[in-house]
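Please look over the sequence and the structure shown here before reading the points below.

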Amino acid sequence: MSEHPAYTPSEVEAKWRDRWRDRRTNEVDLDRAPRPYYNLMMFPYPSAEGLHVGNLFAFTGADVFGRFKRMQGWSVFQPIGFDAFGIHSENFAMKIGVHPAELIPRNITNFTRQLTSMGGMFAWEHVLSTTDVTYYKWTQWLFLQLFKQGLAYKKKGSVNWCPTDKTVLANEQVVAGACERCGTIVEQRVLEQWYFRITDYAGRLLANLDDHAKMDWSESTVLAQKNWLGRSEGAEIRFAAGASTIAVFTTRPDTVFGATFLVLAPEHPLVAVLTTGGQRAAVEAYVAQAGAKDLVSRKVGDKEKSGIALGSTAINPATGQAIPIWIADYVLMDYGTGAIMAVPGHDERDFAFATRYQLPIVRVVAPEGESAASPLREAFIEVDRGRLVNSGKYDGLPALEGKRAITRWLETASHGEGKVQFRLYDWCISRQRYWGPPIPIIYCDDCGAVPVPEEQLPVVLPQIDDFRPDDSGISPLARHAEWYFVPCPTCGKQGRRETDVSDTFLDSAWYFLRYPSSEFGDRAFDQARTARWLPIASYIGGNEHAVLHLLYSRFITMVLHDAGMLGFEEPFRTFRAHGLIVKDGAKMSKSKGNVINPDDFISKWGADTFRTYLMFLGPFQEGGDFRDSGISGPRRFLEKVWDLVSLATHPDCRDAEIRHEILVKWHQTKKRVGEELALLHYNTAIAALMELVNLLREQNCCEPTLVGELVQMIAPFAPHFAEECWERLGHTTSIFDSTWPAWDPALILEASITIVIQVNGKTRGTVTVGRDADEAAVRAAAGQLDTVVRQLEGMAVRKVIYVPGRLMNFVVG
RNA sequence: GCGAACGUGGCGGAAUUGGUAUACGCGCAGGACUUAGGAUCCUGUGGGGCAACCCGUCCGGGUUCGAGUCCCGGCGUUCGCACCA
């Protein structure tokens, strides 16, 4: 016994890490691979803290899948990279006083070490970092493609501004109106920003979600995107107001007869025109006050509504009556037309507003049991029950029908038309920051905003030490004259560079296109390579990116497709969302101080044990609470397999005959593990392997072929371990170049089966019969059971339910 | 408020079309081997009862020969979006 080596993870893992590198085990020939399979996982942001357990969980799950696919005969390309630009790096760099250009490479080195030590099957020869000039040159190129197509434009927009940090904040960084970092009340500033016209694509982005030929995605992710896109069907209606026309969007054109006033957003361009003399001062004060509020607290819906009348009126085209025009901050400039027709009878917000300011409330929809005259104690908002009232010739129509009829009338009378409205906004990509790719635009007094010619890319981000933002709202880059002033590409006169950098989400919106082509310096992505490897066969990632990253990537892909540069509209054929690993019920984050560093676990238990443990914790697609209490289980499991391998290599084992019971379990396990892995049901796949191992140990079986296949099935979870076992079993090539074990349908059927015997649905025992026993045989066997006999005594059997192979139920009474 | 997911032993979690609830693992208890063991191996482990049996998958109803699974109504937890007209 003692001649067998003990399992020492650190040695085994170091050995195979080196071997994989030296033998280029994980590399795939991107031009000649016979069965391309692009296995993508979300590239990490290389933080100073290193990978945490949550990252490792996600990467391991994707890696297990890639390794499994490879053993099934696919040429798996599994790249990795670093999403290293962005405000996180910059803030952290400022905090510790190290330049991000210095900090990031350091972090990447650490991440690379961790990703290697976890045993990921990464194609390191295609690694990329978004901060490399060879990468962001093409991010800038991408901007130019959008600009050329008229999909990039500049407009003024409100942003959250923190006067202490002297920076623009994303909406997510504003908590209850204050800066999440320093607590200062956030101001609104209006800045010129670059936007991408993603809203032009809203309809297609929505439609493809249901096109299963293009997209097979986790249901939860599809749903999140649908909600984000927020399609509403309704009508745009125009109201005459003196010489002006106010357009509103409504989902309830059927209620137009009940529109008793209009409300504009305070920022609406017609506010100044429609304000009457007496109201001017008060209106201006209100507009100023609304403007000072941050976007986040303004969008919180549960506070009391406020507003002010402009003093002018508009004509309701349905009733012909003059109705007052108000402004209120519950109407948002960036949704719809920035103006609404208020129907207090049938909209909760309008009802609250009308009640507060004593504006008329008219009922135009009445459900069963109510009449045109019944007073409204609250807004009646149901569309699918109720008929129109107080609506002229439309009275009596069900609301839904009224909607169609009134829309038709609006169109013939030129008062409006049916319209589909999306919730999605255009994508603001400007950041008044330093750590990002400069937007490749040059401003010229004569020529305007001129794109940097493609041959002049990249616009290199200069190495500057004072990258801290200041109060001007202008990027720190503007302070560097030698970079800032450049000749206009069109006329040669002195121009000025755009000083904003682009959003990090732009970096990550195309990285999957770059991986297979990472060695090409003269093109963003190679046509042949891209056609061969994309769209992506499998993308596994977190649902925290369900909307932003995944939507932006789809948009960019669609734009490039329309430009004739890609042969597909949708980049990710399948997407699976993994679960989140939490600690004591809370998401891991450094601010909560509950981040778990996987390094300690890997050095104590080994990467293979830790991987297996993480995959065994619970369903991969659900995640769970991290605890280290059960990690010895997977370790013991690997030790047992190690011992089986030791026994299998012993000459005595060779001729051992495999009992039928074991044979059946073996083939059942192969079937089950293969099926479970394909569905990412890793925890149950591991459980099945454990069951097989337990049986082999019980039965003292160590048949080498069987043990070999067992090791193959463990390989995706414990790759170093499996390689070592495979070698000990006499193989000289990588286990990942072996073929996934096949199962024999004839051998998964047990010789005898257990039938459950019930009386009135209660289980009273079981009988074991031959596989092809008929009903009579089962009934006879059941009649021998004491427990059944007792239950049937003195009772009339009214019915016998027999489910072949499963159960027999005697219904008595 | 809207949308979604979930609720099973002491714990993490399993359960084809509805068909032996608690697979697998942790923990725990007892035993073996040991100078010792926190190593390893064996046995046991939902609750109650001497037993026959009874009760058990968040709660309450229902459908069914049979419900963790399906239906209706609650409660709770988590996540996403939130004044979207």
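This is a predicted model: local features need pLDDT of at least 70, side-chain atom pairs count only at pLDDT 80 or more; totals for chains, interfaces and linings use all residues.

Residues are numbered from 1 along each chain as its sequence is written, chains are lettered from A and ligands numbered from 1 in the order in which they are written, and side-chain values use heavy atoms, with hydrogens and water left out. Helices (H or I, at least four residues) and strands (E, at least two) are DSSP runs, numbered from the N terminus.

**Sheet**
- An open sheet of five strands has the order β2-β1-β27-β28-β10, with parallel pairing; two strands pair if DSSP finds at least two bridges between them.
- At its edges are β2 (75-77) and β10 (216-217), each of which pairs on one side only.
- Three bridges link strand β1 (residues 36-41) to strand β27 (residues 538-542) in the parallel sense, and Met41 is opposite Ile540 of β27.
- Helix α2 (residues 53-71) lies across β1, β2, β27 and β28 (574-578), at about 170° to β1; axes are lines fitted to C-alpha atoms, for helices over the stretch in contact (heavy atoms within 4.5 Å), and angles run from 0 to 180 degrees between N-to-C directions.

**Helix α4**
- The 18 residues of α4 (residues 100-117) should span 26 Å at 1.5 Å a residue, and the end C-alpha atoms are 25 Å apart, which agrees; the expected span is 1.5 Å times one less than the number of residues.
- Buried residues (under 20% relative accessible area; exposed is over 50%, partly exposed in between; 1.4 Å probe, protein chains only) of α4 include Leu103, Ile104, Asn107, Ile108, Phe111 and Leu115.
- An α-helix has 3.6 residues a turn, so residues three or four places apart point the same way.
- Gly119, which follows α4, has a positive phi near 85°.

- Helix α20 (residues 632-648) reaches 24 Å between its first and last C-alpha, close to the 24 Å expected for its 17 residues.
- Among its buried residues are Phe637, Leu638, Val641, Trp642 and Val645.
- The buried residues of α20 pack against α1 (9-22), α18 (598-605), α19 (607-616), α22 (682-698), α23 (704-714) and α24.
- Glu724 lies in α24 (residues 719-728) and counts as buried at 12% relative accessibility.
- Leaving out residues up to four places away in sequence, Glu724 touches Val12, Lys15, Trp16 and Trp642.

**Ala777**
- Ala777, in helix α25 (residues 775-782), is partly exposed, with a relative accessible area of 32%.
- Ala777 and Lys762 are 15 residues apart in sequence and 21 Å apart from C-alpha to C-alpha.
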